[in-house]
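I opened the model to look up two things. My entries follow.

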Amino acid sequence: MGRSNTDGASVAASTAPGGMHDRVRTENRDAQSSRVPVDRPPLAGIKRRRWNRRTRKDTWVFVAFAAPNILLILLFTYRPLITNIYYSTLDWTLGSASATAVGIGNYVEFFSSPDASNVLGVTAIFTVTTVGGAMILGLLVALALNQRLKGRTFARAVVFAPYVLSGVGVGLVWLFIFDPTYGVLSWILRGVGQVSPQWVNDPKLALVMVTIVYVWKNLGYCAVVYLAGLQSIPTQLMEAAALDGASNVRRFLSIVVPLLSPTTFFLLITSLLSSLQAFDIIRIMTPSGNGTSTLIFDSYLQAFGSYNRAGYSAAISVVLFVGLLIMTAVQLRFVERKVHYS
Amino acid sequence: MSISLTRKHFLGLAGATLGAAAMAACAGPSTDGAGTALKTLSPDEWSKVKPASSISFMSSHPGKSRDTEVKLIEAFQAANPGIKVNLITGGSNYEEVAQKFQTAQAGSEVPDVVLASDVWWFRYAVSGAILPIDDLLKAVGVSTSDYNPGLIGDYKHSNQQWAVPYARSTPLFYFNKDHFKAAGVPERAPATWEEFAEWAPGIKEANASSSGYQNAYQYPAIAGYAGWTLQNVLWGQGGSWSKEWDITADSEASVAAMQWVQDSIVKHGWAGVSSKNAITDLQAGAVSATISSSADLAATLKAAKEANMRIGVGFLPGGSAASTQVCPTGGSGLVIASKTSPERQLAAAKFVTFMTNAQSTMALSSATGYLPVAEAADISSIVAQTPEFKTVVDQLKVTRTQDFARTFLPGGDQELAKAATKIMNEKADVKSTLTQLKGTLEGIYNKDVKPKLKA
């Protein structure tokens, strides 16, 4: 590659090719001189020649395989998305045959009403606590399950089980547990002379309640993915560090955490997306959205609750969609840079 | 060879997709401003229509009445051999049925007969989803005078009849007789809330030692129609959510009444709010009294008998300003969808009048506790079987029409519940909460109701 050894980044790049390193390499080249010719053009030329050499048959085979999927995605993902954006510009009562176009009126109303700060606040609290809670607890559980313990396989199955249960079933059962009148939790609390908190009636506690249940349900997912990550860490690295006298904590922070970063990044994206779309547990445990109106649940309540404001509801879902889009873009752009791929 | 084949397939697929897209584009609202005008036939024209051979009935089986509904449908089909009725479960409560019926409006197939609660029929009438049934009733030989005048009168709007009463109820005061006895208070429902406030501390003290006991009185869960039962406390103290279209939720009497409610929970501590179902809390022995729909009567008495518990029922208590006419009616009626054919609508009219005739309404009443809606219904046999049922029927004579703010404002009930949550669960300032509620309700009226009333 004919590079100066002082350029650490390009040494890394030459030894370990990867998406991020390519970018680093390109940036370094730009920094050195924008006029230095790089070996890209010939590559592109090869590509073009290969494209030209493709037979028509190949093209049609490709189209035949890809077209059904593309069409289905267009029809069932992009078309509803665009229709929804259109609906968000209407003042439309659900079920009514006619509607009035109001432009961005629904958005103006959402952001200028007290609902916006309330709904966005609840969404933020719910998302941060459920993602953070499930990931941190999941990592701790994974660390425990990675030890050579008796009954480890059984414990792993138990930890993962809630994740595959139906959210509706989980919500119903936990609602019984939390019930301040005849729930098992209130029974235990009474046993130690305490009065059960009003889990359902108090909006703040209602949010705590659904957060606890959501974390309980999704903990297993994070634990299993982290466990896979832990098992892919080379044992010789840990042994070498131990020989060098690194403590347990030191090894965890300097080797395990950095090497788990691709896993953490993957979990962060998938957990964030699923938390922002959490619906079943919230709908079952707090049907009227008392203190638990996240963006997606408020969107449901506005259209299918007693207001029947389909246009306003569509606007809230567009807000959610844009939020998800921005977050995913930010994660891909900035967070991924901090990730180490082994 | 393979080229032409794949191309053909590909073109076919593209064509199918275009077709699907074009079909889907038919759904959704039009924005040209012209709503479809409702067409109904004249009595003469109805007499020439032949009823359809199959219709559908969407219900939530209120008061656990699925078996009764199935039996009534069988009886209807036996009496009308040419008409088959499909019973559709539209959800577990009125709101879920409403959600399905309204969503169905976007498609081409709607259920013919739908269960519509007190807060939904008016919205359907205004949006044109249901048919005025005056001429249809005549066509099937039924008169509105065959029904209890108060109950059928609830479904009048712009001089037209929009529904027939079906599963209609009133709230009842349910109490645990043993708990009352332990406190040495009379084993009856209190005449006024003031009287109950005197009894309550004693009731709570006398039963506090039993396991899991919580409160002398349990307010129904907010999610379960708080705005409905709270009308009783408001009316008793001279307040109301509204007077016709005039929102009175922040009037002096209304604020005083809701302050009394808050004090009973926060200051005096003898009342609580149910998390899910107050009648279940009563059955669990956790509370001594509550208010719940008469629809719960049969099931509650049965459960109490099995648990060896004595439960009594009585009229809703009055207040300082009014001791009678403090009870709202509630429940649901049957409506006929407009987006079908005259043949199906005529069959639907035959069906709704059958479901609400004297014999059918008696069957539903005895199985649940709903009011007999037909004038000709003879309740003596039900009373002989369940003496408490007489309270339900007697209380009907002293009911009061519900506040418009709850029944006629879209989302009004939801707003009342939100305000009740703040006052009862979050200890919010009563006056400012109700002032804010008034503003919200007036906003809904001006935006969603007023323009449509004038049109």
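**Sheet in chain B**

I started with strand β8 of chain B, residues 215-219. Three bridges join β8(B) to β11(B), and the two strands run parallel. I then looked for a facing pair and found B:Gln218 opposite B:Gly272 in β11(B). I note that this is a predicted model.

Next I asked in what order the strands of the sheet come. I read β11-β8-β12-β7-β13 in chain B, five strands in an open sheet. The pairing is mixed. In general, strands of a sheet pair through backbone hydrogen bonds, either parallel or antiparallel.

Which strands of chain B stand at the edges, I wondered. They are β11 (271-273) and β13 (311-314) of chain B. Each has a single partner strand, so one side of each is left without a neighbour in the sheet. I also looked up the twist: it averages 25° from one strand to the next.

I then checked helix α9 of chain B, residues 193-207. Helix α9(B) lies across β8 and β12 (287-293) of chain B. It runs at about 120° to β8(B).

**Contact between chains A and B**

How many residues does each chain bring to the contact? I found 42 from chain B and 40 from chain A.

I went on to the elements on the side of chain B that touches chain A. Helices α1 (2-24), α4 (94-104) and α19 (412-425) of chain B each supply at least two residues there. The largest share, 10 residues, comes from α1(B).

Last, I looked up the residue classes on that side of chain B. They divide into 15 nonpolar, 21 polar and six charged.

Conventions. Residues numbered from 1 in each chain as written. Chains lettered and ligands numbered in written order. Predicted model: local features only at pLDDT ≥ 70, side-chain atom pairs only at ≥ 80, totals over all residues. Pairing = 2+ DSSP bridges. Helix = DSSP H or I, 4+ residues; strand = E, 2+ residues; numbered from the N terminus. Axes fitted to C-alpha atoms, helices over the stretch in contact; angles between N-to-C directions. Contact = placed C-beta atoms within 7 Å. Nonpolar A, V, L, I, M, F, W, Y, C, P; charged D, E, K, R; others polar.
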